[in-house]
Amino acid sequence: AMDGATVRLDPDGSVQISSGVTEQGQGTEAMLAQITASAVGVDVSRVRVTTGDTETTPYGGGTWASRGAGIGGEAALQAGTALREQILVIAGAMLQAPPEALDVRAGVVVDRATGAARLPLEELGRIVYFRGDTLPKDLPRELVATRHWTPKDYPFCFTNGAQASYLEVDPDTGFVTLLGHWCVEDCGTVINPMLVDEQIRG
């Protein structure tokens with residue numbers, strides 16, 4: 001019950017995620033893009049998703065049952081968070097500021113306290129990839145992170161829910177009339193309300 005994700009910042013400030021879980025019409029790619037965008041600090045339109053290619057994506061368990069967001073999404077979150085930390089270390093050296101005083105918001109390195117823009121990600125990427133000679137020699141130049149995640153405290157990772165129908169049966173004809181139906185799902189953090197609604201409907 002393990003999966004992996006690799007998240008990379010490209011020189012144009014866009015982000016690429018490669019994941020072991022795959023799209024089968026249930027919204028996996030949208031979920032991965034949203035989680036990655038939030039973790040790194042970019043707009044979701046700047047995220048490209050690659051799935052379904054076992055030659056290039058990290059090892060994982062693929063998509064079955066309910067593991068896409070719960071396991072693949074957690075791997076994406078951890079990889080995106082690690083990439084954000086790498087970005088802030090490099091930005092801190094470039095801006096002569098402690099990394100903890102900076103943040104990434106909407107594709108720009110900003111002052112954490114004031115939100116003032118300091119450095120667009122495309123400029124940071126350009127310098128790291130093409131002008132690394134201008135950076136301190138001991139500065140890590142990684143703009144990619146791979147993380148794998150598996151539940152460690154329990155053997156499986158499932159969501160829970162209950163459904164109930166209220167109906168009327170005509171004892172003479174056997175005709176059934178549905179009067180109401182209710183669904184209750186323990187979703188945890190809702191990533192995309194429209195996808196949740198359609199998953200429940202499905």
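Is Arg-131 buried, partly exposed or exposed, and what is its relative accessibility? At 38% relative accessibility, Arg-131 counts as partly exposed, where buried means under 20% relative accessible area, exposed over 50%, and partly exposed in between (1.4 Å probe, protein chains only). The model is predicted, so local features need pLDDT of at least 70 and side-chain atom pairs count only at pLDDT 80 or more, while totals for chains, interfaces and linings use all residues. Residues are numbered from 1 along each chain as its sequence is written, and side-chain values use heavy atoms, with hydrogens and water left out.

Arg-131 forms a salt bridge with Asp-133, the closest N and O atoms being 2.9 Å apart; a salt bridge is a side-chain nitrogen of Lys or Arg within 4 Å of a carboxyl oxygen of Asp or Glu. Asp-133 is exposed, with a relative accessible area of 58%. Elsewhere, salt bridges that share partners join Arg-84, Asp-103, Arg-105 and Arg-112 into one network. Asp-103 is buried at 10% relative accessibility, and Arg-112 is partly exposed at 38%.

The whole structure holds 9 salt bridges. One of them joins the side chains of Asp-10 and Arg-48 (2.6 Å, N to O). Asp-10 lies in the loop between β1 (3-9) and β2 (15-19), and Arg-48 in strand β3 (residues 47-51), so the pair ties together parts that are 38 residues apart in sequence. Helices (H or I, at least four residues) and strands (E, at least two) are DSSP runs, numbered from the N terminus. Asp-10 is buried, at 11% relative accessible area, and Arg-48 is partly exposed, at 35%.

Attention now turns to the helices. Helix α1 (residues 28-40) and helix α2 (residues 67-95) pack at an angle of about 30°, with their axes 8 Å apart. That makes α1 roughly parallel to α2, a term for angles under 35 degrees. Helix α2 includes Val-89, which is partly exposed at 37% relative accessibility.

On the surface, Leu-167, Val-169, Val-176 and Leu-178 form a nonpolar patch with about 360 Å² of accessible area together. Patch residues have over 30% relative accessible area and no salt bridge, and nonpolar side chains (Val, Leu, Ile, Met, Phe, Trp, Tyr) are joined within 5 Å, like charges within 9 Å. Strands β8 (160-169) and β9 (176-186) each supply at least two residues of this patch. Val-169, in strand β8, is partly exposed at 48% relative accessibility.

Conventions: Accessible areas come from the Shrake-Rupley method with a 1.4 Å probe; for residues, only the protein chains shown count as cover. Axes are lines fitted to C-alpha atoms, for helices over the stretch in contact, and angles run from 0 to 180 degrees between N-to-C directions. Angles under 35 degrees count as roughly parallel, over 145 as roughly antiparallel, 65 to 115 as roughly perpendicular and the rest as oblique.
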